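User: Could you walk me through the aromatic residues here, in plain words please?
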Amino acid sequence: MIEVFRELGFEPSVVECRSNNLIISICHGGLWEWLRRNCGIGSNNKQIPGAFLDLSRRQLNILLYAMADGDGHYTENGSDGAFVYSTTSKLLADQMQEVCVRLGYTSVMRCDVKDNEKWADQYAISVHGDTRHQLMPERQTTRVPYDGRV
């Protein structure tokens with residue numbers, strides 16, 4: 001992540017907070033504005049920028065696993081590539097499922113409703129990321145011309 005920021009022209013500040021955990025910070029007004037406008041303000045309002053949902057399969061896969069690396073955890077007993085992603089944003093949870101569908105991965109979302117009004121509901125998306133659990137393997141799909149509502 002540090003190298004990615006540097007390649008993009010930013011100079012990140014890096015602080016080790018615990019063993020194997022880093023806090024990486026950058027300060028840039030333009031990036032801050034873009035993130036607020038395109039990714040939402042506050043954890044309950046986070047979203048994937050709409051244009052990102054039309055990325056190629058390869059890029060969507062990178063996005064999906066980058067998000068899992070950030071706010072998810074990989075399951076030890078699950079299939080290869082299986083993970084659980086958590087968020088308090090219903091829109092982001094729905095978008096994560098959309099990305100899974102676009103990639104042909106199966107996913108299940110559950111909502112843990114919080115009793116305390118100070119806490120936000122938590123959405124957990126379980127994703128099976130290997131080809132044994134694909135909804136429609138690419139070899140079974142074809143594009144057809146279509147005009148109209150779906």
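Analyst: At 38% relative accessibility, Tyr 74 counts as partly exposed, where buried means under 20% relative accessible area, exposed over 50%, and partly exposed in between (1.4 Å probe, protein chains only). This is a predicted model, in which local features need pLDDT of at least 70 and side-chain atom pairs count only at pLDDT 80 or more, while totals for chains, interfaces and linings use all residues. Residues are numbered from 1 along each chain as its sequence is written, and side-chain values use heavy atoms, with hydrogens and water left out.

User: Okay, and is Tyr 65 buried or exposed?
Analyst: Tyr 65 counts as buried, because its relative accessibility is 17%.

User: How many aromatic pairs are there?
Analyst: The structure holds 5 aromatic pairs, and rings of Phe, Tyr and Trp (its six-membered ring) pair if their centres lie within 6.5 Å, with planes under 30 degrees apart counted as stacked, over 60 as edge-to-face and the rest as tilted. The rings of Tyr 65 and Tyr 74 are stacked, because their centres are 6.4 Å apart and their planes are at 5 degrees.

User: And what about the rings of Tyr 65 and Phe 83?
Analyst: That pair is edge-to-face, because the ring centres of Tyr 65 and Phe 83 are 5.3 Å apart and the planes are at 70 degrees. Tyr 65 and Phe 83 are both buried, and Tyr 65, Tyr 74 and Phe 83 form one aromatic cluster.
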